[in-house]
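Have a look at the model first, then read on.

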Amino acid sequence: MKTISFRKLIPAAAFFLAFLSCTTLEEEVLDESLTGTGQAEIVSGSIAPVYGMLRQVWLHTNNFGLQEVASDEGILPYRGGTDWFDGGKFIAIHQHLMTPSNALVGDSWTFITLALSRAVAAEEQLGLEVEAGNASAQNPLYEMLAMKAYLNMLALDNWGLVFKKERSDQQSEILRGQEAVDYLEAELLAVVNLISESSSGPGRMNKHAVEALLARLYLNAAVYRDPYGTPDFRAEDMDKVIEYTNNIISAGYSLSPEYFDLFNDNNNTNPEIIFSLDQRGVLQTEHSRWQYWSISGDQVPRPEFPSTRGTDAVAATPDFVQTWYDAYGDVDPADADARFYQENTVIPENLRDLTGINPTNDSEHYYCVDATEFEMDRGILRNIIWGPRKDGSGNIIKCPDGKIRVYPVINRRSSGANIRYVDHTYEVDFTNEGSLHNTGHRFSKYQFSRTATDCCSRSSVDIVLVRLGEVYLMRAEAKLRKGDNAGALADINTLRTSRNARPAQTPAPLTSIDLDILFRESGFELYWEGLRRVYQIRFGKYEDSWTEKTDSDVNKRLFPIPQRAIDGASNIAGFLVQNPGY
């Protein structure tokens, strides 16, 4: 493999577009479709680092946390005055008071640009292979061009810029506004009709993933052109959204009747998923961060592995939860909408009433279940939760037949001398009381993988990045912005009523639609998938106030460019210019 020199590159601190040596390019194999010998090894060794880096891009403490905590969906207080302060980076992001030194912003920049650098290096290597007659490199080359566009779109969402670069001996060109839109459009259009329709499963870029990226691009183009103004949604852009979403919807994907099957161990074969981060247990660095980050640190989600636990981090803001309550009025959303809640920890009726029961007298208030059959409830967790309990030596308490005992979970992290159960309250904020470990409803969207041997690795649950549910939402929005209310309503009702695996909880069809209702529906469908901030900006909701956030500065629609990146590029006049307001 060609060894790429570092001598001509801009310093890594500038924007981390440094290219990797031959050893680094071959550091990981994504899945069994990337193994082989001879010419295939060159291909897999080029693309594996790009796909593999997505796990870092979408870590909870990188871009995923950045998107969730900056939105009205998630809040991360200084838990009990002991956990998750981390220099105040999450609090500042949530309040839109971030600075260029914010580590959450900086780490997201690092891994997005590093992944971009790997994609450019892979593009260069694969291009040489194609020129040399290696036909097996052709489609992977298209994949890398699509991955460059995907990663650049993340950069455009976050900082309002993209990096134009095709070869390692080039200096990147920074594009913004219409130029950025035109560049991404050209990159995606160059491959959309050439790339394979199925590139070894949803963990690889394919034609329909590219079409989804084009739909996202045209839908967000009004924001990209003028990130601080009032978006001008052009009819021709909406027509393109409809065109590409039509293509995907007619391509054979199908909406999952059980909503939470999308986020289960075997979701690699779910016919709704278009593009995902493949985590089928081949990499030794796959992660469960989206699973455990919001879960109580007193919960043991995998009792066959007693060390597993949550981390009591992000909670749902009361404002986001209230959108569900407002939508369903007198009906509990857990009864009305299968996306809100799935009961897996089925408590016997005779144990449900906890009147007079507390951790000091509940030794017999349990039921028994096989360790491998215990499953946490899914969706949005509220109130007192149930799970395994440990004895004083840290061992899971068992029934005489070897099954585990399932009790109300004791809040050992912040209840102090007044020992009590974990009770996920509605209220959560930055006050001392509102920051306790139990406060706030919690996100339990992803299954704790049965392949995981600890709390944060070896998960077989693919991280969903693009799926058909979002495609229906995009088409509905484009139709609505063009005045086709009936068409938009039909798409939203198709999406709602498709979640019918539990008939009693199948969301009922809506009778009307407008932009506010459509925005609400996007939250119901896409929560905890890292998309809420982008939707808020596009729907004009990002300057609103919500729990612990009152800043209304439009400049905060974009994050600051990390100061260390600007300092690193200081030898190139005007190369990186800080975003307004920072």
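By class, nine nonpolar, three polar and four charged residues make up the lining of the largest pocket; here Ala, Val, Leu, Ile, Met, Phe, Trp, Tyr, Cys and Pro count as nonpolar, Asp, Glu, Lys and Arg as charged, and the others, Gly among them, as polar. Bear in mind that this is a predicted model: local features need pLDDT of at least 70, side-chain atom pairs count only at pLDDT 80 or more, and totals for chains, interfaces and linings use all residues. Numbering starts from 1 along each chain as its sequence is written, and side-chain values use heavy atoms, with hydrogens and water left out.

**Pockets**

- The largest pocket holds about 450 Å³ of space. A pocket is an open set of points on a 1 Å grid over the protein atoms alone, where a 1.4 Å probe fits, with protein on both sides within 12 Å along at least five of seven lines; lining residues have an atom within 4 Å of a point. Points are joined across faces, edges and corners, and the volume is the space filled by probe spheres set on them.
- Its lining has 16 residues, with Tyr341, Ile347, Asp377, Arg382 and Ile384 closest to the centre.
- Strand E8 (378-381) and strand E9 (383-384) are the elements giving two or more residues to that lining; strands (E, at least two residues) and helices (H or I, at least four) are DSSP runs, numbered from the N terminus.
- The second largest pocket has about 230 Å³. Of its 15 lining residues, Asp298, Val300, Lys390, Ile410 and Arg412 lie nearest the centre.
- Six nonpolar, four polar and five charged residues line this second pocket, and strands E10 (386-388) and E11 (404-408) each supply at least two of the lining residues.

**Cores**

- The largest nonpolar core has 139 residues; Met147, Tyr150, Met205, Phe275, Trp293 and Leu576 touch the most other members. Such a core is a set of buried Ala, Val, Leu, Ile, Met, Phe, Trp, Tyr and Cys residues joined through side-chain atoms within 4.5 Å, where buried means under 20% relative accessible area (1.4 Å probe, protein chains only).
- Helix H7 (residues 138-159) gives the most to this core, 14 residues.
- A second, separate core of 16 residues includes Ile295, Val369, Ile396 and Val406.

**Sheet**

- Three strands make an open antiparallel sheet, ordered E6-E8-E15; strands pair if DSSP finds at least two bridges between them.
- Strands E6 (341-342) and E15 (442-444) are at the edges with a single partner strand each, so one side of each has no neighbour in the sheet.
- Two bridges join E6 to E8, and Tyr341 sits opposite Gly379 in E8.

Key: Buried means under 20% relative accessible area, exposed over 50%, partly exposed in between (1.4 Å probe, protein chains only).
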